[in-house]
Amino acid sequence: MQTSTQNKPAGENVPRHIAIILDGNGRWARKRGLPRTAGHAVGSETFRKIALYCRNIGVDYLTVYAFSTENWKRPEEEVRTIMRLLNKYLREAIDTMERDRIKMRVFGDVSGLPEELQDLVAETNRISERYEGFQANICLNYGGRAEIVHAAERYAADLLEGKTEGPLTEERFSSYLYSSGIPDPDLLIRPGGEQRISNFLLWQCAYSEFYFTDVLWPDFSTDELDKAIEVYRRRDRRYGGVK
Ligand code: IPE
Ligand code: IPE
Ligand code: MG
């Protein structure tokens with residue numbers, strides 16, 4: 001379904017970059033007497049809907065946490081189903097990215113994902129290079145600490161090879177993160193009732209505004225997003241200074 005209409009006026013202090021921790025799928029399913037994996041299936045549809053809505057209201061970047069470096073601890077069957085759903089999601093996204101004008105990038109250690117998924121990630125990256133505009137970043141096999149360590153390793157390697165030089169600045173270090181070139185999230189939303197960061201975007205969230213809600217991710221709606229943006233608009237971002 002193509003939603004080309006502008007649902008809300010763009011530019012009116014709409015966060016440029018929204019990050020969301022997609023949490024609560026398992027509990028959503030359990031409440032309905034369904035297997036946890038049913039929650040993941042509905043959750044992936046919610047992502048599709050929210051991504052299109054973000055594009056329509058003038059958000060430039062949406063970054064979602066879909067599978068963490070710690071989520072491998074889950075039962076094998078659940079992990080397998082999540083990988084299968086990601087496969088399905090990326091396949092469908094490849095077919096519709098052009099039509100929906102959505103650029104996609106994956107943040108995380110892609111080499112640790114099943115091979116078929118790695119190929120799909122490469123394909124979405126290749127397609128994304130072709131256009132400008134709204135960008136969805138999906139964090140897969142992603143951990144904030146792992147990202148920082150990985151960036152430090154890459155910087156050290158470049159330094160040894162003479163490809164970069166000191167002093168190391170925050171800006172230069174940022175260019176080694178998965179989020180290189182992307183502004184930090186303005187608004188970070190966590191549905192599902194937990195009030196913690198769970199190793200998401202540790203570097204990038206230094207000055208993000210946090211919004212927590214008990215709504216479980218599969219139930220998250222465009223109205224919920226509007227509510228979060230409304231709260232965000234009332235926040236006073238001082239960045240350590242005074243007004
Ligand atoms: C988020 O939902 C999806 C992943 C972490 C893969 P959960 O599966 O964590 O759902 P809850 O928190 O158990 O309800
Ligand atoms: C965070 O949710 C990770 C993702 C949504 C991918 P979790 O459900 O894994 O986090 P915890 O265990 O509640 O901290
Ligand atoms: Mg959870």
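These legends describe close-up views of a predicted model.

**View 1. Helix 3 packs against helix 4.** Helix 3 covers residues 76-100, and helix 4 covers residues 115-128. Their axes come within 10 Å and cross at roughly 25°. Angles under 35 degrees count as roughly parallel, so helix 3 is roughly parallel to helix 4. The crossing in which helix 3 passes helix 4 is left-handed. On the side of helix 3, the contact is made by Met83, Leu86, Asn87, Leu90, Arg91, Ile94 and Met97. Helix 4 contributes Glu116, Leu117, Leu120, Val121, Glu123, Thr124, Ile127 and Ser128. Sorted by class, the residues of this contact of helix 3 with helix 4 are nine nonpolar, three polar and three charged.

**View 2. Helix 2 packs against helix 3.** Helix 2 is formed by residues 36-57. The axes of helix 2 and helix 3 come within 10 Å, crossing at roughly 25°. Helix 2 and helix 3 are therefore roughly parallel to each other. Helix 2 passes helix 3 in a right-handed crossing. From helix 2, the residues that meet helix 3 are Arg36, Thr37, His40, Ala41, Ser44, Phe47, Arg48, Leu52 and Arg55. Their partners in helix 3 are Glu78, Thr81, Ile82, Leu85, Tyr89, Glu92 and Asp100. The contact of helix 2 with helix 3 holds six nonpolar, four polar and six charged residues.

**View 3. Helix 2 also packs against helix 7.** Helix 7 runs through residues 222-234. The axes of helix 2 and helix 7 are 10 Å apart, and the packing angle is about 50°. That angle makes helix 2 oblique to helix 7. The crossing of these two helices is right-handed. Ile50, Tyr53, Cys54 and Ile57 of helix 2 make the contact with Thr222, Leu225, Asp226 and Ile229 of helix 7. Six residues of the contact of helix 2 with helix 7 are nonpolar, one is polar and one is charged.

**View 4. Ligand 1 and the residues around it.** Ligand 1 is surrounded by 13 residues. The closest of them are Leu22, Asp23, Arg27, Arg36 and Arg74. A polar side-chain atom of aspartate 23 is 2.8 Å from an oxygen atom of ligand 1. For arginine 27, an N or O atom in the side chain lies 2.7 Å from an oxygen atom of ligand 1. Glycine 26 takes part through its backbone: an N or O atom there is 2.9 Å from an oxygen atom of ligand 1.

**View 5. Ligand 2 and the residues around it.** The residues surrounding ligand 2 are Ile21, Leu22, Asp23, Tyr65, Ala66, Phe67, Ser68, Asn71, Arg74, Arg190, Arg196 and Ser198. An N or O atom in the side chain of aspartate 23 lies 3.1 Å from an oxygen atom of ligand 2. A polar side-chain atom of asparagine 71 is 2.9 Å from an oxygen atom of ligand 2. In the side chain of serine 198, an N or O atom is 2.6 Å from an oxygen atom of ligand 2.

**View 6. A cis peptide bond at proline 167.** Most peptide bonds are trans. The bond from glycine 166 to proline 167 is cis, and its omega is near -5°. Proline 167 lies in the loop between helix 5 (144-160) and helix 6 (170-174).

**View 7. A positive phi at asparagine 199.** Most residues other than glycine have a negative phi. Asparagine 199, which is not a glycine, has a positive phi, near 70°. Asparagine 199 is in the loop between strand 5 (187-190) and strand 6 (209-212).

Conventions:
Residues are numbered from 1 along each chain as its sequence is written. Chains are lettered from A and ligands numbered from 1 in the order in which they are written. This is a predicted model: local features need pLDDT of at least 70, side-chain atom pairs count only at pLDDT 80 or more; totals for chains, interfaces and linings use all residues. Side-chain values use heavy atoms; hydrogens and water are left out. Axes are lines fitted to C-alpha atoms, for helices over the stretch in contact, and angles run from 0 to 180 degrees between N-to-C directions. Helices (H or I, at least four residues) and strands (E, at least two) are DSSP runs, numbered from the N terminus. Angles under 35 degrees count as roughly parallel, over 145 as roughly antiparallel, 65 to 115 as roughly perpendicular and the rest as oblique. A crossing is left-handed if the near helix is turned anticlockwise from the far one by less than a right angle, and right-handed if clockwise. Contact means heavy atoms within 4.5 Å. Ala, Val, Leu, Ile, Met, Phe, Trp, Tyr, Cys and Pro count as nonpolar, Asp, Glu, Lys and Arg as charged, and the others, Gly among them, as polar. A residue is near a molecule or strand if one of its heavy atoms lies within 4 Å of it. A polar contact is a pair of N or O atoms within 3.5 Å; within protein, one must be able to donate a hydrogen and the other to accept it, and residues adjacent in sequence count only if both atoms are side-chain atoms.
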